[in-house]
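Student: I am new to this structure and would like to go through its side-chain links. Could we take them one at a time?

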Amino acid sequence: SPLVSAEDRGMSQGKKGSDAPDGGAAGANKGTMNRNVICTGHSRPIPQMEFKDTDDGLFLISACLDNRPMLRDGPSGDWIGSFVGHNGAVWCARLNSNGTRAVTASADFTAKYWCAITGQMLHSFEHQHVVRAACFSKDDQKMFTAGREGKIRIFDLTKPTAEPSVCNDKGCMVHYLLNPSESPTLVSSDDKNHEVKIWDTRTNKSELKLQTDDIVTDLCLSCDGNMLCGTAGKTVFFWDIKTFEVVKTFKMDRDLLSVAVDMKKTRFVVGSPDELYVRSYQFENGAELTTYKGHHGPVGSLAFMPGGDFASGSVDGTIRIWRQTVKTDE
């Protein structure tokens, strides 16, 4: 297996399990799969995280405004290591398709490319302002970045020192960026427009705009990659990733900050800036199912595992892993 344990890595390391003082998962030893888990270690808000399912296992990578993104074992929440090298808040952290490489976007005006096996920084891509978003192409050969400059840069990872091609989105801070399929398509949202933009990387132009009710506060893909999910104002949106037609929308009675949908598309969860809970709803009709309580700050990031458990990342600096088989008040 190319992905090895924390003890064998060159990453910033510590103890795993409930005794871990820096990045451990409370209850992550015996019986961890039968209880909800609290993952500590971050010291500031967690704006984004994602699970990556690979041949070597399921992994969870999290960005944090404390400048140290972390890699964890997905099912247990056990800490594997931290990527050390940024000098500013990290807004985004993502893994490539097999979990061996990572990319991070930071307020220190850089996006960094990492070996996720050793924690070694492979390259630092300089920008002129805060970098808010980054992602890999589906073939892992390219890296896309965006942020305060209002530009989407496309880097060739086989030639990291070469000048990137650029999609101009002048006047806007791009804060979400996704490459959803094998096609030359990028999806972005910004801090000024009530829309999601679809870019064609062959022309570097925005070819389509998906209208929303307000500024987009979250943008992510479903577990299977077939659906684009987003929140804007009090509305949650679900679009088909191939046609970009609306699949469903639900209007809530509160502002929304984050969203995720499960693999079977039977339920979705949302977080709000106005409360400390995660709320779960039926995907079919939007009926509320349950409330997950435990965080001490709003939940800014949500992500499902393929099996149905999900993780929530909060302003309180913790990640919680919620088991679908465990009562929410445990």
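Student: How many salt bridges does a search of the whole structure find?

Tutor: Keep in mind that this is a predicted model. The search covers the whole structure, and its count of salt bridges is 14.

Student: Which residue forms a salt bridge with Asp190?

Tutor: A salt bridge needs a side-chain nitrogen of Lys or Arg within 4 Å of a carboxyl oxygen of Asp or Glu. For Asp190 the closest N and O atoms of the pair are 3.8 Å apart. The partner of Asp190 is Lys197.

Student: Is Lys197 buried or exposed?

Tutor: Buried means under 20% relative accessible area. Asp190, the partner in the salt bridge, has 1% and is buried. Lys197 has a relative accessible area of 7%, so Lys197 is buried.

Student: What is the N to O distance in the salt bridge of Asp255 and Lys234?

Tutor: The side chains of Asp255 and Lys234 meet in a salt bridge, with N to O at 3.4 Å. This pair links distant parts of the chain, 21 residues apart. Asp255 lies in the loop between β22 (246-251) and β23 (258-261), and Lys234 in the loop between β20 (227-232) and β21 (235-240). The distance asked for is 3.4 Å.

Student: What is the relative accessible area of Lys234?

Tutor: Asp255 counts as partly exposed, at 31% relative accessibility. Lys234 is partly exposed as well, and its relative accessible area is 34%.

Student: Which residues are linked with Glu275 in a network of salt bridges?

Tutor: Glu275 meets the side chain of Arg279 in a salt bridge of 2.7 Å, N to O. Arg279 counts as buried at 13% relative accessibility, and Glu275 counts as buried, also at 13%. The residues linked with Glu275 in the network are Asp253, Arg254, Arg279 and Glu288.

Student: How many disulfides does the structure hold?

Tutor: Cys92 is buried, with a relative accessible area of 3%, and Cys64 counts as buried at 0%. The number of disulfides in the structure is 0.

Methods:
Residues are numbered from 1 along each chain as its sequence is written. This is a predicted model: local features need pLDDT of at least 70, side-chain atom pairs count only at pLDDT 80 or more; totals for chains, interfaces and linings use all residues. Side-chain values use heavy atoms; hydrogens and water are left out. A disulfide is a pair of cysteine sulfur atoms within 2.5 Å. Buried means under 20% relative accessible area, exposed over 50%, partly exposed in between (1.4 Å probe, protein chains only). Helices (H or I, at least four residues) and strands (E, at least two) are DSSP runs, numbered from the N terminus.
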